[in-house]
Amino acid sequence: MTLAVSLDTILDDLRTLVEVESPSGDVESLTVSARVVADLLERRLGGRAVLVDGPAGPHVHWSGGGAPRVLVLGHHDTVFPVGTLARRPFTVADGKITGPGVFDMLGGLVQAVHAVALLDDRSGVEILVTADEENGSLTSRALLEDRAQACGTVLVLEGAGDGGDLKVGRKGCGTFEVTVTGRASHAGLEPEAGVNALVEAAHQVLEIAALNRPEAGTTVTPTVLRSGGQSNVVPDAATIVVDVRVETADETARVEQAFVSLTPRDPQAVLVVTGSVARPPMTPETSTDLFALAASLEPGIRGVSVGGGSDGNFTAALGIPTLDGLGAVGGGAHADTEHVLVDTVVGRVHLVGGLLRAVTA
């Protein structure tokens, strides 16, 4: 028997998840969160949710049984530190749901559970909720790729684009770190005896920024520069952190090679470069059929390509049909303005439920 969608129940479930704070990297908090997620899955869907331990915290896997057909993918880690809830508690007011993690992506996670609950037959459906998406999915990537390959179709419940847009493409994402080693000396007595790591880093920042190719969809953005400790000491070390976004494999190769090829302007300085484009681009071709299906269920819905990455990047790169942005409709991800629009919640549950019913038919 198909279950009705209850907005009040969804809000109660979302409150339960939000009030268990789950910052990325906090294994103790994520362990508690994983147990709460598992309990929610079992209460609403039946069966057994399995905790898959990992060094970044437990991932949660649920299966409706039978031959795997579709993977519903999400994460229970958030970017907000413990204590955010006290300052910004779970609230429903003025048509908005607010609280740490409601949009990215606890709202989508709860909507996913209630969408699966709409199905009379849940066989073939799997749900995987990872613990480290916000930190790059280093410990969950192999697991999520394995389940995605087994299922053959992936629905990602990350937050929607503006106005409820689905995400049919995502840029590849990476972080690079360039460490400069120089030599310290007294800045007043003998500055020439030193090798100024900060000056070398300044040259490298300009070289790195020149890798931008916005016409190709590539952004290379130095975001953090650390150097020095005392005003009268020539700094002997500096570190540059760089955010990279790319749309194509060719641009991935170009940027990665450029970082490997960086050379010091001062031959006495030493550069060490680490990092890569860890999330490959998600190209729109992998979403074509699933988006068409979504559009048949909700005429007028749009598909967009965005700069942010998700675990859908990994599954799409394997050639697995993947549709992203099926989660909460709202905005303010990673910010105090994070919110979900109340009047979109039930409709989104029905959309995901309809997709699940179609791909498992």
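## Salt bridges

This predicted model holds 17 salt bridges, each a side-chain nitrogen of Lys or Arg within 4 Å of a carboxyl oxygen of Asp or Glu. Local features need pLDDT of at least 70 and side-chain atom pairs 80 or more, while totals for chains, interfaces and linings use all residues. Residues are numbered from 1 along each chain as its sequence is written, and side-chain values use heavy atoms, leaving out hydrogens and water.

## R88 and its partners

Let's start with R88 and D336, whose side chains meet with N to O at 3.5 Å. R88 lies in the loop between α3 and β4, and D336, 248 residues away, in the loop between β17 and β18; helices (H or I, at least four residues) and strands (E, at least two) are DSSP runs numbered from the N terminus. R88 is buried at 9% relative accessible area, whereas D336 is partly exposed at 47% (buried is under 20%, exposed over 50%, partly exposed in between, with a 1.4 Å probe and protein chains only).

Salt bridges that share partners join R87, R88, D336 and E338 into one network.

## Two further pairs

E177 in strand β9 and R226 in strand β11 are 49 residues apart in the chain, yet their closest N and O atoms are 3.9 Å apart. Both count as partly exposed, E177 at 31% and R226 at 44%.

Within helix α7, R254 and E251 are three residues apart, so about one helical turn separates them. Their closest N and O atoms are 3.0 Å apart; R254 is partly exposed at 21% and E251 buried at 7%.
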